[in-house]
Amino acid sequence: MARYGVTLIRVVVGAVYLMHAYLALGIFGPSGMIAYQVKNGIPFPEVATWYLILAHGLGGICLILGIFTRLAALANVPVMLGAIVFVHLKSGFWVHQGGYEYALVLLLASVGLAMTGGGALSLKR
């Protein structure tokens, strides 16, 4: 059952990342996302924006399908670490106050997936 538990985490985290890529690309747009990153003091906001879109978008798809799981999860670690350090840490822990609670869960789920791999039902083991 442990392999199926990893699968559940992999698919849900992948879907969340894919939706975050859609938010950055389709809702904010690259220029809006760059402005958001500038406002939050993220270094190299143009590069960081496109890295976020690619890591969350392609990484999310890979996680959902279970291909290149470790690499896809690892690619999202810097994004989530940056979100915690530059955006959420100043607001404390609780997510309802803008804190890092949710970003921490995604960060550690990504680290865990990078350590365990795709689990059951992945297209590439």
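Trainee: Which residues does arginine 70 touch, not counting residues up to four places away in sequence?
Mentor: This is a predicted model. Arginine 70 sits in helix α3. Setting aside residues up to four places away in sequence, arginine 70 touches Leu113, Ala114, Met115, Thr116 and Gly117.

Trainee: Is arginine 70 buried, partly exposed or exposed?
Mentor: Buried means under 20% relative accessible area, and exposed means over 50%. The relative accessible area of arginine 70 is 43%, so the residue falls in between. Arginine 70 is therefore partly exposed.

Trainee: What distance separates the C-alpha atoms of arginine 70 and leucine 23?
Mentor: Along the chain, the two residues are 47 residues apart.

Trainee: What end-to-end distance do the C-alpha atoms of α3 show, against what should be spanned?
Mentor: α3 has 20 residues. At 1.5 Å a residue, α3 should span 28 Å. The distance between its end C-alpha atoms agrees with that, at 26 Å.

Trainee: What covers the buried residues of α3?
Mentor: The buried residues of α3 include Thr69, Ala72, Asn76, Val79 and Ile84. Gly82 is one of the buried residues too. The cover over the buried residues of α3 includes α1, α2 and α4.

Trainee: Why does glycine 82 count as buried?
Mentor: Glycine 82 lies in helix α3. Buried means under 20% relative accessible area. Glycine 82 counts as buried because its relative accessible area is 17%.

Trainee: How many Å apart are glycine 82 and phenylalanine 68, C-alpha to C-alpha?
Mentor: In sequence, glycine 82 and phenylalanine 68 are 14 residues apart. Phenylalanine 68 belongs to the loop between α2 and α3. C-alpha to C-alpha, glycine 82 and phenylalanine 68 are 22 Å apart.

Trainee: What is the phi of phenylalanine 68?
Mentor: Most residues other than glycine have a negative phi. Phenylalanine 68 is not a glycine, yet its phi is positive. Phenylalanine 68 is partly exposed, at 46% relative accessibility. The phi of phenylalanine 68 is about 50°.

Trainee: And leucine 121, what is its phi?
Mentor: Leucine 121 is in the segment after α4. At 57% relative accessibility, leucine 121 is exposed. Leucine 121 is not a glycine, but has a positive phi of about 60°.

Trainee: Which residues does threonine 7 touch, not counting residues up to four places away in sequence?
Mentor: Threonine 7 is in helix α1. Threonine 7 is buried, with a relative accessible area of 8%. Beyond four places in sequence, threonine 7 touches Gly118, Gly119, Ala120 and Leu121.

Trainee: Where does α1 bend?
Mentor: A straight helix of 38 residues would reach 56 Å at 1.5 Å a residue. The end C-alpha atoms of α1 are only 42 Å apart. α1 bends by about 105°. Proline 30 follows within four residues of the bend, which is at phenylalanine 28.

Trainee: Which residues is methionine 33 in contact with, leaving aside neighbours within four places in sequence?
Mentor: Methionine 33 is in helix α1. Methionine 33 counts as buried, at 7% relative accessibility. The C-alpha atoms of methionine 33 and leucine 52 are separated by 9.7 Å. Leaving aside neighbours within four places, the contacts of methionine 33 are Ala24, Phe28, Thr49 and Leu52.

Trainee: Which element gives the most to the lining of the largest pocket?
Mentor: The largest pocket holds about 600 Å³ of space. Elements giving two or more residues to its lining are α1, α2, α3 and α4. With nine residues, the one that gives the most is α3.

Trainee: How many residues in the lining of the largest pocket are charged?
Mentor: The lining has 25 residues, with Met33, Leu52, His56, Val79 and Ala83 nearest the centre. Of the lining residues, 19 are nonpolar and six are polar. The charged residues number none.

Trainee: Which residues does serine 110 touch, not counting residues up to four places away in sequence?
Mentor: Serine 110 is in helix α4. At 0% relative accessibility, serine 110 is buried. Beyond four places in sequence, serine 110 touches Val13, Tyr17, Ala73, Asn76 and Val77.

Notes. Residues numbered from 1 in each chain as written. Predicted model: local features only at pLDDT ≥ 70, side-chain atom pairs only at ≥ 80, totals over all residues. Heavy atoms only, no water. 1 Å grid on protein atoms, 1.4 Å probe; cavity = no way out; pocket = protein on both sides within 12 Å on 5 of 7 lines; lining within 4 Å. Points joined across faces, edges and corners; volume = space filled by probe spheres on them. Nonpolar A, V, L, I, M, F, W, Y, C, P; charged D, E, K, R; others polar. Expected span 1.5 Å × (residues − 1). Buried < 20%, exposed > 50% of the residue type's maximum accessible area, 1.4 Å probe, protein only. Contact = heavy atoms within 4.5 Å. Bend = angle between axes of the 7 residues up to and from the residue.
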